[in-house]
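Good morning, colleagues. Please have the sequence and the structure in view while I speak.

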Amino acid sequence: MSLAIRFKSFLDETGNIARFTGRFFSVGTKPRYENKEFFNQCYIIGYRSLPLVGLTAFIMGLVLTMQLRPSLVDYGVESQLPVMVGLAIVREIGPVITALIFAGKIGSSIGAELGSMKVTEQIDAMTVSGIKPFKYLVATRVLATTLMLPLLTILGDAISLFGAYLGVNIRSVTSFDLFFLQVFKSLDFSDVLPAILKTLFFGFAVGIVGCYKGFNSTKGTQGVGVSANSAVVLSSVLIFIIDLLAVQITELLGFN
Amino acid sequence: MKAVSKEPVIVIKDLVKAFGDNKILDGFNLTVEKGSNVVILGKSGSGKSVLIKCIIGLLQSDSGSIHVFKENISKMTEDELDQARSKIGFLFQSNALYDSMTIRENLEFPLLRHWVDITKEEVERLVNEALENVDLLHTVDMMPSELSGGMLKRVALARTMILRPEVILYDEPTTGLDPVTSREIENLILKLQKKNHTSSIIISHDMNCVKNTADLVVLLLEGKCYTKGTFEELKQSTDENIKQFFE
């Protein structure tokens, strides 16, 4: 495929995703609201992702602490380990890693589920039954991912900090109270708020991309696999782009 | 041939639908009268499924008109289409049952959407009645993945009928089924048509199904209505294009 054709197809895809997002705001936000399905999706997307997010967050906190310690020891600032780890987890690593895990688990699952519904005509069946599939399937999932990711990130950060506390105690002894006192003393709202706010956008991106890829799935079962895969790839890339923009914006607003 | 009244329920005039340069329907005309079963016969890829998807509004035609109960489907807004669709049932070739829901939930789903004031007892009664009609009441709490192909088709038929549509569109209702199950589905189609006084368009290449269910057979060829008549009339034809379906 020539470069020009690839560029055109990239622009087409970008335009289609933008239109799909516009449709979410124009159609998805109007009554009648699918509350039951929304809460069901919150349960699936939020509660069922908790074990995976919790496990990865715990390991991340533990490993990050173990990796940082030697460098801090070299500079003679080992006592600053809780501060360093706390800032890194809350401001950047916690939100981004949780969002990437979330994109892998939820983005692919939404892409595959809606893709499979598309190729087996279940979405058409909803349409002919007078049900609006965009509202029922897309709006509920996008809202659920947008609201659940910040909650998962907060829980993930807490678990990660606990992992870091254990990591600190592998080579030295620091009390639970002292560790968390040091962590919270180094943090203020300008660290926590922008980090949590950006996860709203991460969650929205994962939901929109997963739904878009699934909703536009073609080519039978092979297409379902492609939808799931490309939902993960695209939402992961978007997470980094949004993160980059968020850092620039928080810097401009003087939060850093 | 069964006696039918002459009131038209579906009138299609000069319907054109193309995908890119590929013209699938090219000036197709058809009238379906109340209480009649019209079978659309045609080769694979001849546009039979496209035709019924245009009738239900899943696809937008390029030109021409489709009137269902004297209302032009092609010019309706989304909300008007939703209203019109409550009078039209659609049986998908793949059944299209929601695989994350039980059979009960599959049947309740359209009911609760269309009849918002319906009571729980009434929903229960209608679901049970629909499943009894297809002899599958015992599957009410099962998942679609636990049922055989023939059972899935019968459940799909029950779901199609639950809103009491006046017109039903069947997309290859017996494809992929063994002859015995196919016969059961054909009998069910006829039984439910008689009970609910519905009109139907049936897409099929299964000649037994065509023979058993059709009041009128329409041959779709090159995007047009090539010929129409009863099964016996078409069977007697010496036209090669028609004969090939009956050999």
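Predicted model: local features only at pLDDT ≥ 70, side-chain atom pairs only at ≥ 80, totals over all residues.

Residues are numbered from 1 along each chain as its sequence is written, and chains are lettered from A and ligands numbered from 1 in the order in which they are written.

Chain B contains nine helices and 10 strands, these being DSSP runs numbered from the N terminus (helices H or I, at least four residues; strands E, at least two). Of its 247 residues, 42% count as buried, that is, with 20 or more other C-beta atoms, placed from the backbone, within 10 Å of their own. Along the principal axes, the C-alpha atoms of chain B fill a box of roughly 55 × 40 × 35 Å.

Let us turn to the helix pair. Helix H3 (residues 103-114) of chain B packs against helix H4 (residues 120-133) of chain B at an angle of about 125 degrees, the axes being 10 Å apart. Axes are lines fitted to C-alpha atoms over the stretch in contact, and angles run from 0 to 180 degrees between N-to-C directions. Contact means C-beta atoms, placed from the backbone, within 7 Å. Here H3(B) contributes Arg104(B), Leu107(B), Glu108(B), Leu111(B) and Leu112(B), and H4(B) contributes Val123(B), Leu126(B), Val127(B) and Ala130(B).

Finally, the contact between the chains takes 13 residues from chain B and 10 residues from chain A. On the side of chain B that touches chain A, H3(B) gives the most, with three residues.

Note on methods:
Contact = placed C-beta atoms within 7 Å. Buried ≥ 20, exposed ≤ 12 C-beta atoms within 10 Å, placed from the backbone.
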